[in-house]
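Trainee: I would like to learn how to read a helix and a sheet from a model. Please take me through one case.

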Amino acid sequence: MTAPRVGQLAPAFRVMAQPWRRLLWDVRRRGFEHVPRTGPAILAPNHLSVIDSMLLMLSVDRPITFVGKAEYMQRWPSNWLYPALGMIPIDRSGGAAAEAALEQAAGVLDRGQLFGIYPEGTRSRDGYLHRGRTGAARLALRTGAPLIPIGIRGTDRIQPPGAPMPRVFRGCSITVGRPIDIERHRAHTPPHLQLRAITDELMFEIGRLSRQAYVDRYGSDRRSSRQMGRSGAPNANGSTPDGIGVE
């Protein structure tokens with residue numbers, strides 16, 4: 001079968017899935033006026049559940065291209081379907097494969113489209129917000145596209161880690177914040193400090209929107225968050241009153 005164009009099925013999927021989304025899940029949307037109606041933008045949410053991408057795609061009025069684990073696309077039909085719905089595969093071992101995914105992401109933005117990326121690099125399995133990877137900041141500096149923080153809450157109750165299917169008739173919220181002002185970080189030198197400063201501000205804003213406690217470690221590090229976390233412990237739904245990120 002001919003390889004699909006990335007996102008070629010996304011418009012049809014949105015039309016077919018929207019009625020089901022409204023029937024099965026109550027998604028409370030706030031701050032969506034910060035998503036530009038035209039032109040490129042980088043959407044950077046926290047990541048609690050495998051259903052996050054789908055619900056965000058169905059909540060924004062424009063198509064979104066995401067990066068996704070290459071492991072998802074190693075066999076048919078996922079190796080055809082996921083790209084057709086708007087997913088760019090990335091090999092998380094890094095190196096040339098990660099750089100190729102970054103090039104594709106920059107191409108999406110250069111074409112004036114929306115690109116979605118999870119700065120934590122993986123789902124949070126403990127409910128905390130983790131240290132961000134610098135891929136989103138790298139893209140923002142490279143393309144000039146607005147870098148927009150997004151806080152997602154409650155999707156881990158819809159489909160908790162390890163659950164094979166989402167639970168229905170449950171609610172969540174998606175809150176969009178103001179774009180990060182990356183220009184004020186351009187004076188940082190060397191470049192890795194610039195990327196880290198932008199990423200840390202991004203994670204602070206995501207935490208404010210998602211109301212998650214923050215731990216200064218990567219989500220792929222399985223050490224105890226309760227030992228390493230900053231103030232606060234997660235409640236029942238997991239929240240409290242360097243490379244390209246991907247899941």
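This is a predicted model: local features need pLDDT of at least 70, side-chain atom pairs count only at pLDDT 80 or more; totals for chains, interfaces and linings use all residues.

Trainee: What span does helix α1 reach from its first C-alpha to its last?

Mentor: Helix α1, residues 10–24, reaches 20 Å, close to the expected 21 Å. There is still a kink of about 40 degrees at A17, shortly before the proline P19.

Trainee: Which residues of α1 are buried?

Mentor: The general idea comes first. An α-helix has 3.6 residues a turn, so residues three or four places apart point the same way. In α1, the buried residues are A10, R14, A17, Q18, R21 and L24.

Trainee: In what order do the strands of the sheet stand?

Mentor: Strands pair through backbone hydrogen bonds, either parallel or antiparallel. Here seven strands make an open sheet, ordered β1-β8-β7-β2-β5-β3-β4, with mixed pairing. β1 (25–30) and β4 (87–90) are at the edges with a single partner strand each, so one side of each has no neighbour in the sheet. From one strand to the next, the twist averages 25 degrees. Helix α1 packs on this sheet, touching β1 and β8 (170–176), and its direction makes about 100 degrees with that of β1.

Trainee: Why is β3 largely enclosed by the rest of the structure?

Mentor: β3 is largely enclosed because six of its six residues are buried. Strand β3 (residues 64–69) runs parallel to β4, joined by four bridges, and also pairs in the parallel sense with β5 (residues 114–116) over three bridges. F66 stands opposite M87 in β4, and its bridge partner in β5 is G116. K69 stands opposite I90 in β4.

How values were computed. Residues are numbered from 1 along each chain as its sequence is written. Side-chain values use heavy atoms; hydrogens and water are left out. Helices (H or I, at least four residues) and strands (E, at least two) are DSSP runs, numbered from the N terminus. The expected span of a helix is 1.5 Å times one less than its number of residues. The bend at a residue is the angle between axes fitted to the seven residues ending there and the seven starting there. Buried means under 20% relative accessible area, exposed over 50%, partly exposed in between (1.4 Å probe, protein chains only). Two strands pair if DSSP finds at least two bridges between them. Axes are lines fitted to C-alpha atoms, for helices over the stretch in contact, and angles run from 0 to 180 degrees between N-to-C directions. Contact means heavy atoms within 4.5 Å.
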